Structure formats: C-alpha cells, structure tokens
Amino acid sequence: MEHRKRKLPRIIRIILTVLCILLVLVLGTAWYINQHWTNLLRKELSGYVMDLSDSLYVVQFKDLHLNVLSGSLTVEKATMTLDSAVYRQMLAARRAPENTYLISVEKLQLKYFKPWRYFIKKELNAGALIVTGPSIVMDQNSTVRDTTQPRTAYENISSKMKSIFIGRFQLDNTNFKYVFTRKDSSRVIHQFRNLQVGVNDFLIDSVALKDPTRYLYARNYEIGMRDYMNRTRDSLYWMYVRGIRYDAAERTLNIGQFEIKPRYGKAEFQQRTGGVQQDRYELQFNDIQVRELDPRMLLQEQQVWARRVNISNGRLHIYRDRTLPMPPGDKLGQFPNQVLQKVNLPLKIDTLTGNNVELQYTELSPVSRQTGQVSFGHVHGRLTNITNIDSMVARNNHCVADFDAIFLQSGKLRAHFDFILNSPTGRFAVSGQLKNMNGKDLNSVTRPLGMVEIRSCNIRDLNFNIRGDERKAAGSVTLLYDNLKIAILKQDKEHKNYSRKGLMSFVANVMVIKDSNPLPGEKVRVSNPTHARDIQKSFFNLVWKTLFAGVKETAGAGKL
C-alpha cells in the first residue's frame, strides 16, 4: 500500500512526459536550426562581403560558432583581404575606391544576437560586438579617381538586409596603420598601436544617416590610445602623443601629453642641420583639451574646426648656437600670421588658452663662447580667432594674443599681440608693460651676450607700443627706472672668467649712462625707436631689437 501511495499521480506523469518530449523537440529543433543557420552563415558571410564590395574583398575565417539559445555568434581568426586582380580591373575602369583596407582579427564575438530576426526579417540585431586583437591597414590613395556615383552604407546593404543594429561595438587592442599617398605619389605613413575603440548605438537603416543625433550612424564614438610616436618630417625630432581620448557625443578630444623631443644632443643636432644655425626645440604640453571639435569637418572635409583648446601646463625650451654661420636665404614670409596662412590644413580655432607654461630661450655667444638665457615663467596666454580659412578671415582678420608672465625671476610682464591675417607683408602690432623688476636679473643675458654687467637698477615700469611688418618696426618705449650702474666686461683667453674694465665702466657710468628716468627736475624721457629687420632673423628678434633700441636710447646708451 505504501508503495502505491508513493507513485506520482497519472496526470503529473503525463505532464512530465509531455514536457520531456517538448524539451527534446526544442533542443533537437534548436540543434538542427543551430547547425542549419551556422552552415548558412558560413556561406553567407563571405558572400555578403564579396557582393557588397563588388568582389573587391575576400573574407576568410578559421571557424564560426552560433548558439541560438544564448544568442551568441563567434568568428575566430578572420581576415579581409583585397583581390589585387579585381582592384586592377577597377582602376582601369575608374571604379576603384580611394580607400582600401586590409583587416585581420583574432576573435569576433556577437552577443545577444537575434538570429531569427536575421534569417526571417533580414535584420541584424545584436546587443554587442566585441572584436579582439584587430589589425587594420587603411590605404588612402589620392591619385585614384572613382567616377562611379557614391553610395551610402544603407544603399550598399539594402539588397541583402533591411537594417543593422549593434548596441555596443568594441575594438580592443587595435593596431591601425594609415598610409596616405599624395597626388605626387609621395607617401605618408602613421602607425597607431593599442587603440581602444567604443561605438554606442550603431544603426544602419533608411533614415539613420539623416538622424541629427547620430554621427556616422552611431550615437557616440569613444576612441582611446595610450601612446603615439613618430618622427618629424626632417627626422630631427621624435613626436610623442600620450593618453589620447576622443568622445564624439561631447565632441571633445583629450590628450594627456604632447611632446617634441630632439633625437640628438646639441652638438650632433647642429651637425645634422648642415653646420648652420637652426633653433633646437624641446616642447612638452600637458592635459590638452580640444572642445567642440567638429568631426564631420575633420574626417569629410579635412578641416579642423574647434571652439576652444586648453593647455593646462607645459614648457618650451629653445636653443641656438650663434657661433655657426647663418643659413642661406632669408626668413621673409615666416611671421606667425604669414605661416598660419600657408598651412595646408584649413584651421579655425575660436580660442586657445595656455596656463602655467615655461618659456626659455638659450643662445651660445660667438664672442664669449658662453650661453645667455631668457626665461618667462608662469606664462598664461589666450589667443583668439586662429584661422586660415578665407571666409573666416574676411569676417575678422585679427588674430589676437594676450600673455602675462614672470620675466627673469622678478619682472611682471603682460603683452598684447595683434596679427593681421590677410596681410602679405605680415603686419602686426604689439604692446605691453613690465613692472617692478630687479635689473640685475638681466645679467643672465647681458653678461654672456653683451659683455655688460648690471650692478644695480630698479625697473619700476616699462611700457611699449610697436607696429611693423616683415621689413621694419617702429613705436614708442617709456622706461621708468632709477639707480642704474653698469660694468663693461672683458674675458680671459679661455672664454671662462669675466673681469671689469675699470676705466671704460667709470666713463660709461659718469658720462654716458643716465642713472634714472626721469632725472631730477626733468620730464620723463620717451623713446621712439625704429629698426630695420635683419631678414635672416625671426619675428621675435625684430620685436626685441626694436624694444631694446628704445631702452638703450632712454638709458643714454644708444651708441654703446
């Protein structure tokens, strides 16, 4: 009796039996569908790419796994290569695309994939696509001319599918090589390693391209890269870009650090430049943010449009060996506004700011064989209307820069530059003020470069206003100071130690130098210097020489 009581009721046994049969049928059907759809996908994947590319590309892969129940699709060791014979035929018929690709991936995983929608409704819908270890070579050849009518991505897929939707598209540890062939057949190659690319809400259908909330069919692109390194065109420098991150939704590019580093020491650098004078730069900018960068203009029109660029801190060191001969030719046409107009890349930056930047210029004197140094600390700068686009220049042809800094340890300096953008002669204006500086700080420049030592001087105020172009400059300089005493120096034969020329120093202080401005009982002296530019020297040399001429005249040392 007890044995009978332990038996399950007949209705429950029937239900369990039916459920088991249904489970077997479901699993069997799923297995059959899984196998059938897997075989179809193996055939269709290669066929799709061939059809969509007009047989230009061939896809191969080691294996493909579909799991209908979990909604996952895995493709292992896949490659997409160019059929060179087809490409040559397209070139002959002027149907070859300007951009070609070579792609290989270790693994491609499609997650939360809805295969029934793909096979029944012809809609590819998945929650995520993760690509591991992709290697992409993009070759852009500007000598290739494609005369066919351009087609959108939807037009390309519409004969095979109604839509493609991927919630999250992720490429991990991507190696990207970009090869650009110019119209003169010269080539530029850039290599990017360990890129991290994330694409959110990617959709291709009949209306996605016109959706204003999307860019290139997606809601957002996030691109990150730890390090980028390349040599400059002249092979004298390494260029490093570190900590790159771009957010398309915010239209913001963040760069952790940008560095230009010489490949050679000072002596070898000068040998590499042919034994003539050339500035040697060391540059490092940190925490750079480019806001409201327009990606459509950048990628489709090759133009840089940004609302604001901010540099958190950095340094720029310049070294020049004046013992070497000057290079041949001249520097006409190389003022900042002239160089900007010649840049091949169309550029429009509304505002660029730099904070806490250190500027340093060091020069080796041919007379003393010693280096003189000018430094600007805690530089804060703001530049507006940086552009070389004709329509923008027509609206506003003034590129304005405002700076404030500490000059040579103690001087409080502010300066205002106004560059005329459409001036073929490089017209400019600069004005500024220097206050409360200990004149002895100038000895780092005057001793090695001018063989003059400032024994004492209190610079209360220096005001200047200069206008000029690439040939000349003129303006007004007002220097208020007191207690000026100098020493004329000489140097031993080994170009090491300095000593004072007693008689010449005495004559200079008593008969030439005016020890203050204004002198007791006199008006403030105002200088109006003019200076003809040495066309082998730079813009800043012209500004400095004009300003220095006014300072010397005010101090009574105009003929020293």
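Hi everyone, let's start at Asn 517, which is found in the loop between α11 (502-512) and β21 (526-527). Helices here are DSSP runs of H or I with at least four residues, strands are runs of E with at least two, and both are numbered from the N terminus. Before going on, a word on the source: this is a predicted model, where local features need pLDDT of at least 70, side-chain atom pairs count only at pLDDT 80 or more, and totals for chains, interfaces and linings use all residues. Residues are numbered from 1 along each chain as its sequence is written, and side-chain values use heavy atoms, with hydrogens and water left out.

Is Asn 517 buried or exposed? Asn 517 counts as buried, because its relative accessibility is 0%; the cut-offs are under 20% relative accessible area for buried, over 50% for exposed and partly exposed in between, with a 1.4 Å probe and protein chains only.

Which backbone atoms does the Asn 517 side chain meet? The side chain reaches the backbone oxygen of Leu 479 at 2.6 Å, and one of its polar atoms lies 2.9 Å from the backbone nitrogen of Arg 525. Setting aside residues up to four places away in sequence, Asn 517 also touches Arg 460, Tyr 481 and Thr 554, among others; contact means heavy atoms within 4.5 Å.

Gln 433 is found in β17 (residues 428-438), and Asn 254 in β10 (residues 252-262). Gln 433 counts as buried because its relative accessibility is 17%, and Asn 254 counts as buried at 17%.

What do their side chains pair with? The Gln 433 side chain makes a polar contact with the side chain of Asp 461 at 2.7 Å. The Asn 254 side chain makes one with the side chain of Gln 289 at 3.3 Å. A polar contact is a pair of N or O atoms within 3.5 Å; within protein, one must be able to donate a hydrogen and the other to accept it, and residues adjacent in sequence count only if both atoms are side-chain atoms. Beyond four places in sequence, the contacts of Gln 433 include Arg 414 and Phe 464, while those of Asn 254 include Ile 244 and Ile 288.

Leu 283, in strand β11 (residues 280-291), is buried with a relative accessible area of 16%. Leu 283 and Arg 315 are 32 residues apart in sequence, yet 5.8 Å apart in space, C-alpha to C-alpha.

Next, a helix. In α10 (residues 443-450), Asn 443, Val 445 and Pro 448 are buried. Their cover includes β14 (371-387), β18 (452-468) and β20 (498-500).

Finally, let's zoom out. How many helices and strands does the chain have? The chain has twelve helices and 22 strands. Its radius of gyration is 35 Å, well over the 24 Å that the globule rule gives for 560 residues, so the chain is more spread out than a compact globule. That radius is taken over C-alpha atoms, and the rule is 2.2 Å times the number of residues to the power 0.38. Along the principal axes, the C-alpha atoms fill a box of roughly 130 × 75 × 50 Å. Of the 560 residues, 41% count as buried.
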